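Look at the model below and find the ligands first.

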Amino acid sequence: MSAANAIPHHIAIVMDGNGRWATRRYLPRVAGHRQGVESLRRCVRACSDRGVRVLTVFAFSSENWNRPPEEVSGLMELLAMALGREVPQLKHDGVRIHIVGDRSTLSEKMRLGLAQAEATTAQNTRLILNVCFNYGGRWDIAQAAAKLAAQGEAITEASLDRAMALSHVPDPDLLIRTGGERRISNFLLWQAAYSELYFSDRLWPDFDEIALDEAIADYGRRERRFGLTSGQIASSGSDRIAA
Ligand code: IPE
Ligand code: IPE
Ligand code: MG
């Protein structure tokens with residue numbers, strides 16, 4: 001393990017398992033999502049304390065619209081409420097929020113709330129928090145390609161990269177999924193090309209600082225090769241050679 005690899009610059013998380021957390025307690029699923037917000041608040045603080053510079057979380061996928069209507073509306077209300085309640089503290093703590101995803105199908109009121117949260121925290125530099133909401137990796141690739149086509153720009157890896165919704169941050173170093181499933185579920189399809197993957201069986205509301213530290217420690221033991229050989233990495237003196 002090298003010191004450079006100890007703390008990931010950018011952590012991305014599929015916050016999965018809220019529904020099961022609630023069901024096990026005979027509570028409605030939305031109670032699990034509420035607890036998920038608490039877990040996110042704790043995670044933001046823990047990442048910030050550890051020197052992580054970017055945290056990207058999956059809050060609502062393009063496919064989550066197909067859930068029962070009461071759960072979808074519960075999640076919409078929760079996002080609006082959580083932003084209203086948390087933004088002053090996030091502003092104080094140096095966290096800059098970006099909401100990442102397709103806003104075109106969200107209500108006018110919701111769009112305004114998201115823009116306000118972003119504007120209020122725009123001067124902050126300690127931690128960037130990307131909340132992926134109505135987001136899908138396929139949506140992102142398609143919208144980036146459509147944007148370039150509309151501008152008559154050639155489609156290359158570099159131009160697509162610039163047109164993506166997460167172009168303001170480097171690719172995630174560590175991608176965590178909680179809740180026991182071993183899949184990406186249409187999260188950062190483009191950006192996770194060389195992310196280290198970490199799967200935790202803990203449900204998201206139970207994913208605490210200790211669990212985060214375990215994930216970071218596991219990441220620290222990985223050798224990131226980016227297509228090179230171990231020998232090349234050793235002689236370059238850094239496993240972040242292509243990061
Ligand atoms: C993740 O938890 C949060 C969202 C998808 C919004 P789930 O709601 O998927 O929880 P499980 O997987 O059903 O337990
Ligand atoms: C992924 O979780 C989306 C979010 C965490 C927001 P899902 O629970 O929707 O994923 P699947 O359906 O199990 O693949
Ligand atoms: Mg799930």
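An oxygen atom of ligand 2 lies 3.2 Å from an N or O atom in the side chain of arginine 67. That is a polar contact, meaning a pair of N or O atoms within 3.5 Å. Asparagine 64 has a side-chain N or O atom 3.0 Å from an oxygen atom of ligand 2, and for a polar side-chain atom of aspartate 16 the distance to a ligand 2 oxygen is 3.2 Å. Ligand 2 on its own exposes 390 Å², of which the protein buries 78%; such areas come from the Shrake-Rupley method with a 1.4 Å probe.

The model is predicted: local features need pLDDT of at least 70 and side-chain atom pairs 80 or more, while totals for chains, interfaces and linings use all residues. Residues are numbered from 1 along each chain as its sequence is written, chains are lettered from A and ligands numbered from 1 in the order written, and side-chain values use heavy atoms, without hydrogens and water.

Which strand gives the most residues to the shell around ligand 2? Strand β2 (residues 54–61) does, with three. Strands are DSSP runs of E with at least two residues, and helices are runs of H or I with at least four, numbered from the N terminus.

Tyrosine 26 sits between α1 (18–23) and α2 (29–50), and asparagine 186 between β5 (174–177) and β6 (196–199). Tyrosine 26 counts as exposed because its relative accessibility is 78%, whereas asparagine 186, at 12%, counts as buried. Buried means under 20% relative accessible area, exposed over 50%, and partly exposed in between, with a 1.4 Å probe and protein chains only.

Conventions: Polar contact = N/O pair within 3.5 Å; in protein donor to acceptor, adjacent residues only side chain to side chain.
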